[in-house]
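Here is a friendly briefing to read alongside the structure. Please have the sequence and the model open as you go.

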Amino acid sequence: MKCRRKTRTELAQLAMALEVSASPKPGNVDRGHDYPDTRLEHFLASTIFAGRALALAEKGEPGIGEVILEAVKDTNCHAGGNTHFGAFILLVPLVRGGGVEGAIREVGATTVEDAVAFYQAFGATQVRVLERDALDVNDPAAIQALRDEGMTLYDVMAYSAPRDMVAREWTNGFALSQETRDLLFAHGSGKEAIVQTFLDLLATHPDTFVAKKFGVERAARTMARAGEVKAGKVSLEDFDEECLAAGVNPGSLADIMIAGIYLALNEGWEWDS
């Protein structure tokens, strides 16, 4: 029986589920291991709870910032903490815009109120930020500063882009998300393609979440170590265990993986073969 075409919302939820279910993805929660406070089922629950907000994005209302805030509200109702905040930053404009070109238009049209809603969402999570960041989400004056400066949500992402690869996607045309999509097609289909694509990304792009948590040198070493796995010098399983033991979790690349999977699914990539 031929299935009906899935909605953008359904494909976004599927992308979230496929990313966390693939294993091993060095350092990150997957079907092989949990973190002490965040488990696989927390991520899977979030894929379900995010449906209402993603459907709002697909309908095109309200604004992107408000949709991200709604997604955070709906998915922060479990004990696992933040699971998909970075993914929402990418998925909401992609779902709303119907693809990359539409997403580029949507992010360029964001407003100051989108930025305010985003900061409210950010403040409700436990996302790691740089202590020296002038627009501190934990500072109540930051929202007033956004209004005083007339900063749109795109402006906020541009401000963060040099230090945050997820924010950078807004300013570079979702370049790494598109690279991820292309790698998935190149690696074939199914969960093995996700694992290999993630390893490719980890070997070529220093994860900015790791950099914020441990410093840029550790992010660079992690990238180099992934290159050794690709060269056959280290096993993927050993690299995974090293990352887990050290608390190195490449969360930004995981968010970009989700966006790439979403783009691939929209273009007919086969996830179940």
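Contact here means heavy atoms within 4.5 Å. With that in mind, and not counting residues up to four places away in sequence, Trp269 touches Leu18, Leu184, Phe185, Gly188, Ser189, Gly190, Ala193, Ile194, Ile261 and Ala264. This is a predicted model, where local features need pLDDT of at least 70, side-chain atom pairs count only at pLDDT 80 or more, and totals for chains, interfaces and linings use all residues. Residues are numbered from 1 along each chain as its sequence is written, and side-chain values use heavy atoms, with hydrogens and water left out.

- Buried means under 20% relative accessible area, exposed means over 50%, and partly exposed lies in between (1.4 Å probe, protein chains only).
- In soluble globular proteins, nonpolar side chains tend to be buried together.

**Helix H1 against helix H5**

- Helix H1 (residues 8-21) and helix H5 (residues 85-97) pack at an angle of about 155 degrees, and their axes are 10 Å apart.
- Axes are lines fitted to C-alpha atoms, for helices over the stretch in contact, and angles run from 0 to 180 degrees between N-to-C directions.
- H1 and H5 are therefore roughly antiparallel to each other (under 35 degrees counts as roughly parallel, over 145 as roughly antiparallel, 65 to 115 as roughly perpendicular and the rest as oblique).
- From H1, Arg8, Ala12 and Met16 meet Phe88, Leu91, Val95, Arg96 and Gly97 of H5.
- By class, this contact of H1 with H5 has five nonpolar, one polar and two charged residues; Ala, Val, Leu, Ile, Met, Phe, Trp, Tyr, Cys and Pro count as nonpolar, Asp, Glu, Lys and Arg as charged, and the others, Gly among them, as polar.

**Helix H7 against helix H9**

- The axes of helix H7 (residues 112-123) and helix H9 (residues 153-160) come within 7 Å and cross at roughly 60 degrees.
- That angle makes H7 oblique to H9.
- Asp114, Ala115, Phe118 and Tyr119 of H7 meet Leu153, Val156 and Met157 of H9.
- The residues of this contact of H7 with H9 divide into six nonpolar, no polar and one charged.

**Two residues to look up**

- Ala167 lies in helix H10 (residues 165-171) and is buried, with a relative accessible area of 4%.
- Leaving aside neighbours within four places in sequence, Ala167 is in contact with Met157, Ser160 and Ala161.
- Ser189 sits in the loop between helix H11 (175-186) and helix H12 (190-204) and is partly exposed, with a relative accessible area of 26%.
- Ser189 and Trp271 are 82 residues apart in sequence but 5.6 Å apart in space, C-alpha to C-alpha.

**Backbone details**

- A cis peptide bond joins Ser23 and Pro24, with omega about 0 degrees, and Pro24 lies in the loop between H1 and helix H2 (40-49).
- A cis peptide bond also joins Glu61 and Pro62, with omega about -5 degrees.
- Phe174 has a phi near 55 degrees, a positive value in a residue other than glycine, and is buried, with a relative accessible area of 0%.

Definitions and conventions. Helices (H or I, at least four residues) and strands (E, at least two) are DSSP runs, numbered from the N terminus.
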